[in-house]
Each structure stands twice: as structure tokens, then as C-alpha cells.
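Thank you all for coming.

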Amino acid sequence: MSENSLLDVQIVPATAGDYDGVMSISGGIYNGADYLPCRYHEWLRDPQRRMFVAKSEGKVVGFDSYLLVDGGVTAVVQGLRVAPWMRGRGIAGVIQQFCFDALHYEHPEVSKVRLTRGEDPPAAMMSKYRLMHSKAIISVVIPNDQLEATIKLLKQRVESEDGTCPVHSMSPEEVLSWFENSTSDELFPKGILVQDWLPLSTHRSNLQLLQQRGVLWCYSNTSKPHTHKSLHASQKPTSLSLPHNSTPTSPFIPGGFLSLSTPPISVPLGDGMHRYDIDLFGTDPVAAKSHILHQVTEALRVLPTGGSVICFLSAEETLRAELTRFCQGIAPFFVVREQLVLEMDI
Ligand SMILES: CC(C)(COP(=O)(O)OP(=O)(O)OC[C@H]1O[C@@H](n2cnc3c(N)ncnc32)[C@H](O)[C@@H]1OP(=O)(O)O)[C@@H](O)C(=O)NCCC(=O)NCCS
């Protein structure tokens, strides 16, 4: 592409009418597990988000967006993509710069840009951003006809290995109490919580955002010895039981474990394929496995009939080997190995 043709690219706010154009440049992204087709219209309705398309000769050739988070002082940049036939010509740089200029103009109070990426981002990018944290990604695909067998397999592994760890679903009030009172650095390195590749601080305003997304919050107290008795659905506590040595204002004690998920979303791969991201916080392998079993079981309860699931697990790097073993026998679905959180001051 010549300099002139790069100048021919216009960047404008994205509309509902650009949906097909954005999809036409998105083929094969994340090996068919792209979240944007399902999220595009929901994102457009979000007053905290701005979306842009790059157009050449009237056709969409690029997309990017930002979302205001952390009480309005940080912007998370999400969804960047350039048409395959236009890549390697600097368009990603142009659309990102446009996004930053719009951000600066509309929200001069924003001082930080944050994003998540897979491993090995371009060197040019790493010279601008600082690495905040990196987690292991383990991804597997569970076809519809193997859903039950897979749950059975995971359950056997949880119960037969090191014992189970009771997993409690948290009510919105309990989550709120934790947001207000906890010192969360142990679970959230550098105070960053990533849910479904969206990197947020533990600022209270982000809670509303997570609630709107329908996040399922699950907690375990890993300071108690793990039990070999499985927790049946009928015994499942309906609220978080606080550890005996903690007060209601500090429900998280050292060694606690948390997991987050949102209901599975349909992805372009076809054949009823859905994407399900489970974010794990903490380092206890027994708790991690119990949480995966719990979260996958919950996902299958809401999965449309005939649906299959691609599960993306994000966990601390120290859990990679153990969780890879835990998932052995389930078909891997490789997209990326790592989830990096990057930040830049603007
Ligand atoms: C990643 C992608 C957007 C790069 O587009 P491109 O136009 O070919 O990018 P170029 O190689 O021309 O790089 C130009 C600029 O974009 C930046 N860039 C390249 N890849 C990037 C990435 N993954 N994230 C952020 N910036 C990126 C470069 O650092 C460079 O910045 P500069 O001009 O300010 O120095 C494109 O390959 C794509 O659409 N891939 C599929 C979707 C995807 O992986 N998106 C990224 C994760 S959301």
C-alpha cells in the first residue's frame, strides 16, 4: 500500500450498520472463538464504550474500541483488528492513535490505557507499554456428545486426587462487601482483576460493570484442610461462609481462592460452538480444580441444547502443569498460551 492509500483510510464511529463489515474482516480470529460477533451490539449500547471502524473506499478495513473503567481514569482498549488483506501496512497503529486522540479529546481526565494480549506482542508495542502481569491460558474443547463424560472425568479427578475444596457462590452483597473492605493484592497481582480478557482494577465502580455482565463469583477458603467428601448440589451453601478467623469486613484471608465466569457465548466456529472463559485467582491447585469443575458444571446448565463448549482457563503460571494434567484427555483448542496485561500512561 502506498502512503496515499493509507491516507485514503478514514476512521469513523462504528454503527450497527457496520456489523457485517466488521464481521467480514474477522474471519479466523482466535481460530473461530472470536467474542466480537456476539458482543458487538451489546458494546454499541454501552455508554462507557466508544467503537471505531477504519474504512477504505467505503468498506470496513479495521476496528478498535475503548471502554472507560476504574471510575473513569483508565481506558481499556479492546477488539483491535485489521482486514487480512490490509495487514502489515500500519493501519493498526493509525486506528489505535485515532482511538487515543478521541479518548484524550473526550476524556482528558483519563491517564492510563490498559489492554490484554496473548504472548509475544510486537516489539514496537512493548516499548510503549509496561507488563503488569501474565497468566497461563489452557484451552480445551468439549463437544456436545462428550459433555457428560467430561464432567464425570473431572469429578473423578477432583475426588480421587487431593480431595475437594468446597466452592461457594457469592451473592452481590458479599462481592460488594469484599470490594469495599478487602486488601486484594494477594489474589489480584498489582490490583488487576481480569475477567474474560477485560483487565480492571479493584475500584468499586468496576463492580457494577461486572454485575451487568452477569459474572458468577465463586470463592473457597483454602486455609481449611481439603476434604475428600464431595459437595453435593443439595448441600451447596447459598451464601459465602466466612472463615472462622475472619470478620465480615475481610472475607478474604491469605490462601483464599476466587473464580469468575460469564455464561457461554456463541462463536463463529459453528456447530453450536460456544466460548466460556473461566478466570482463576489464587495458587492452590486443589481449589483451582474444584473451581473448574464447579464453573464448567454451571456453564452446562445454561448451555443451549446441542451446544458445545470451548473453555479458556486463565490461571497463575504456577498452576499450568497441574491444570494441563487435570484437562488431559479433553481435546486441546489452541489459540494462545499466555494472557498478558499491559498498561501505558497517556
Ligand atoms: C494485530 C493486527 C491488528 C495488526 O494489524 P496491522 O495493521 O497488520 O499492524 P502493523 O503490523 O501494520 O503494525 C502497525 C502498528 O500496530 C501495532 N500493533 C501490531 N500488532 C498489534 C497488536 N496485536 N496490538 C496492538 N498493537 C499492535 C504495531 O506496534 C504498530 O504500532 P506503531 O505504528 O504505533 O509502531 C492484525 O494482525 C489483526 O487484525 N490480527 C487479528 C486480530 C488480532 O490478533 N488482534 C489483536 C488482539 S485484540
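This is a predicted model: local features need pLDDT of at least 70, side-chain atom pairs count only at pLDDT 80 or more; totals for chains, interfaces and linings use all residues.

Let me begin with a question: is Asp271 buried or exposed? Asp271 is exposed, with a relative accessible area of 74%, where exposed means over 50% relative accessible area, buried means under 20%, and partly exposed is what lies in between, computed with a 1.4 Å probe on the protein chains only.

Residues are numbered from 1 along each chain as its sequence is written, and side-chain values use heavy atoms, with hydrogens and water left out.

Staying with Asp271, you will find this residue in the loop between strand S12 (265–266) and strand S13 (273–281); helices and strands here are DSSP runs numbered from the N terminus, a helix being H or I over at least four residues and a strand being E over at least two. Asp271 has a positive phi of about 55°, although it is not a glycine. Most residues other than glycine have a negative phi. Asn31 also has a positive phi, near 55°, and is likewise a residue other than glycine. Asn31 sits in the loop between helix H2 (19–24) and helix H3 (36–45), and it counts as partly exposed because its relative accessibility is 44%.

Now let us turn to the ligand. The space that the ligand takes is the largest pocket. A pocket, on a 1 Å grid over the protein atoms alone, is an open set of points with protein on both sides within 12 Å along at least five of seven lines, for a 1.4 Å probe, and a molecule sits in a pocket if more than half of its atoms lie within 2 Å of the grid points. The elements that each give two or more residues to the shell around the ligand are strand S4 (74–82), helix H4 (91–106) and helix H5 (123–126). H4 gives the most, with four residues.

Which residues are the closest to the ligand? Of the 18 residues that surround it, the closest are Val82, Gly88, Gly90, Arg117 and Lys128, and a residue is counted as near when one of its heavy atoms lies within 4 Å. A polar backbone atom of Gly88 is 2.5 Å from an oxygen atom of the ligand, and a backbone N or O atom of Arg89 lies 3.3 Å from a ligand oxygen. From the side chain of Lys128, an N or O atom is 2.6 Å from an oxygen atom of the ligand. The protein covers 72% of the 860 Å² of accessible area that the ligand has on its own, with areas taken from the Shrake-Rupley method.

Coming back to H4, this helix has 16 residues and reaches 22 Å from its first C-alpha to its last, close to the 22 Å expected at 1.5 Å a residue; the expected span is 1.5 Å times one less than the number of residues. Its buried residues are Ile91, Ile95, Gln96, Cys99, Phe100, Ala102 and Leu103. As a general point, an α-helix has 3.6 residues a turn, so residues three or four places apart point the same way.

Helix H9 (residues 285–302) has 18 residues and spans 26 Å from first C-alpha to last, close to the 26 Å expected. H9 is mostly covered, with 13 of its 18 residues buried. At the start of H9, a side-chain oxygen of Asp284 reaches to within 2.8 Å of the backbone nitrogen of Val286.

Next, please look at Ser201, which is found in strand S9 (residues 198–201) and counts as buried because its relative accessibility is 16%. The side chain of Ser201 makes a polar contact with the side chain of Asp70 at 3.1 Å; a polar contact is a pair of N or O atoms within 3.5 Å, where within protein one must be able to donate a hydrogen and the other to accept it, and residues adjacent in sequence count only if both atoms are side-chain atoms. The side chain of Ser201 also reaches the backbone nitrogen of His203, at 3.1 Å.

Finally, consider Thr262, in the loop between strand S11 (257–261) and S12.

Terms used
Accessible areas come from the Shrake-Rupley method with a 1.4 Å probe; for residues, only the protein chains shown count as cover. On a 1 Å grid over the protein atoms alone, a cavity is a set of points where a 1.4 Å probe fits but cannot get out, and a pocket is an open set with protein on both sides within 12 Å along at least five of seven lines; lining residues have an atom within 4 Å of a point.
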